[in-house]
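Please work through each task before reading its solution.

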Amino acid sequence: MPRNHHIGLHLGTEDDWPTAFESVLDRLKLNITFAGESHTFTTERITIEPFDLRYVPKYHLVIDRLAWWHLISREWLKKIALMDDVYLFNSPFTFQAMEKHAAYCAMIRLGLKVPATWMLPVKQPGDNERYAETAARYHQPFQLEQVAAEIGYPLYMKPFDGGQWVGVTRVPDDATLHRAYDESGQRLMHLQKAVEPFDVFVRSLSIGAESMVMNYDPSQPLHARYQLSHNFLEAGVGDEVVTIGRTINAFFRWEMNSCESLVQGPEVSPIDYANASPDVAVTSLHYYFPWAISALLKWSIFCSTTNRRMRLDQDTRVWFDVGDDPDLTYEQRLEAYRTMADDYFDVDAYREFCGTHLAHLDEVMVEYVESAEFDQMLLRVVTSTFPPHEHDHFVAHYRGLLAAWASDQQRS
Ligand SMILES: Nc1ncnc2c1ncn2[C@@H]1O[C@H](COP(=O)(O)OP(=O)(O)O)[C@@H](O)[C@H]1O
Ligand SMILES: [Mg+2]
């Protein structure tokens with residue numbers, strides 16, 4: 001009897017990557033012989049319903065896109081992780097506890113070049129009736145401009161736990177600073193030194209043992225931010241970006257995450273790297289979309305087949321030992337982190353596994369991207385994303401980029 005691994009997709013509104021994931025898994029017709037057993041795979045979109053805390057779920061692995069905002073999803077994930085050993089991309093335990101602020105703190109301690117960052121008390125008191133008295137007793141009056149002066153203009157004001165650019169303001173002067181602070185209301189904000197001017201804005205998307213480093217232009221509309229460009233970083237810098245992303249993910253036990261870094265000459269400053277549900281939409285990733293689907297498939301199949309156990313706890317001390325060692329240079333620290341991160345993600349075993357058992361995946365992915373089935377999915381996504389007068393333009397645009405990807409694969 002083969003062992004079947006049931007992969008659950010826990011979804012919000014998206015339909016593009018799940019459709020691609022399901023179709024390619026189906027086309028792969030996997031029956032992997034590993035450690036004397038044969039392994040097959042099925043997938044299903046998860047529905048939400050009341051659950052007995054003692055029930056046994058049918059999933060072995062769940063790819064989650066919902067728990068970052070949906071409470072029942074988050075708590076369900078905790079139950080299946082704590083009680084049933086279900087493997088999660090991503091675990092709500094560290095994502096909930098370690099949002100942007102905690103990620104900044106940890107990476108500063110590890111010696112990464114996080115720009116100067118301060119936290120401010122909230123501008124507007126919350127609804128808690130104890131607030132006024134507590135604030136009167138213990139909140140120190142402060143001069144906002146003085147904090148800004150410590151950091152130096154220009155700077156950014158942004159929510160300590162933010163995402164999707166909500167509440168982010170570039171602050172060049174005192175007047176903007178006060179306006180942004182007034183508007184922040186009850187949100188807890190950071191002030192962060194602007195890294196300007198930067199040479200390249202890099203976004204690296206990591207899924208398990210794989211990372212893709214992409215050139216990102218934040219000034220463009222969403223569909224045009226990822227630039228189709230290869231070799232835009234000097235090799236050493238590109239590798240540093242991969243190491244930073246993978247270090248953060250191994251440190252926090254995050255399985256899929258995007259990491260934003262600003263590159264100025266040889267300096268890499270990470271600024272945003274706690275994205276529980278990173279953007280993998282075909283309309284944003286375009287050319288890189290098939291890579292993301294392949295990586296999701298490979299990492300799910302690897303984790304299921306090899307019975308990789310998810311780690312709910314962190315092992316911060318071994319990382320801090322490297323971060324705190326005064327005899328190490330930045331380069332030596334990074335080298336140590338890379339070894340630890342690659343070890344955590346089992347990079348060598350993963351590569352060997354993919355080479356032995358998933359060698360046909362790349363070819364199957366090209367066939368899928370060139371199929372009528374993929375084109376129909378693309379049409380559905382474009383018509384539901386863009387206004388009618390832009391449909392023709394965007395269909396042609398995405399078809400062109402995906403065709404370029406497919407022909408690049410055949411050449412390589
Ligand atoms: N320190 C900084 N230096 C330069 N630009 C920044 C900085 N912080 C934020 N930005 C700009 O603001 C955008 C949103 O900030 P970010 O920290 O990525 O928040 P979010 O989590 O909302 O994406 C970034 O993509 C970048 O363009
Ligand atoms: Mg960002």
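**Exercise 1.** Determine the handedness of the crossing of α6 and α7, and describe how the two helices pack.

Solution. The model is predicted: local features need pLDDT of at least 70, side-chain atom pairs count only at pLDDT 80 or more, and totals for chains, interfaces and linings use all residues. Residues are numbered from 1 along each chain as its sequence is written, while chains are lettered from A and ligands numbered from 1 in the order in which they are written.

Next, take the geometry. Helix α6 covers residues 144–151 and helix α7 residues 174–184 (helices are DSSP runs of H or I with at least four residues, strands runs of E with at least two, numbered from the N terminus). Their axes lie 10 Å apart, at an angle of about 120° (axes are lines fitted to C-alpha atoms over the stretch in contact, and angles run from 0 to 180 degrees between N-to-C directions). The helices α6 and α7 are therefore oblique to each other (under 35 degrees is roughly parallel, over 145 roughly antiparallel, 65 to 115 roughly perpendicular, and the rest oblique).

Finally, identify the contact. Leu144, Glu145 and Ala148 of α6 meet Asp174, Leu177, His178 and Tyr181 of α7 (contact requires C-beta atoms, placed from the backbone, within 7 Å). This contact has four nonpolar, one polar and two charged residues (Ala, Val, Leu, Ile, Met, Phe, Trp, Tyr, Cys and Pro are nonpolar; Asp, Glu, Lys and Arg charged; the others, Gly among them, polar).

**Exercise 2.** State which domains give residues to the shell around ligand 1, and where the ligand lies.

Solution. Domain 2 (98–115 + 195–276 + 310–345) and domain 3 (117–193) both contribute to the shell, so ligand 1 lies between them (the bounds come from an automatic or database domain assignment). Of the 19 residues around the ligand, Tyr156, Ala194, Val195, Pro218 and Asp272 come nearest (a residue is near if its C-beta atom, placed from the backbone, lies within 6 Å). Strands β7, β9, β13 and β14 each give two or more residues to this shell. By class, the shell has ten nonpolar, four polar and five charged residues.

**Exercise 3.** Describe the contact between domain 1 and domain 2.

Solution. The C-alpha centres of domain 1 and domain 2 are 26 Å apart. Eleven residues from domain 1 and eleven from domain 2 take part in the contact. On the side of domain 1, α3 gives the most, with four residues.

Terms used. Contact = placed C-beta atoms within 7 Å. Left-handed = near helix turned anticlockwise from the far one by under 90°.
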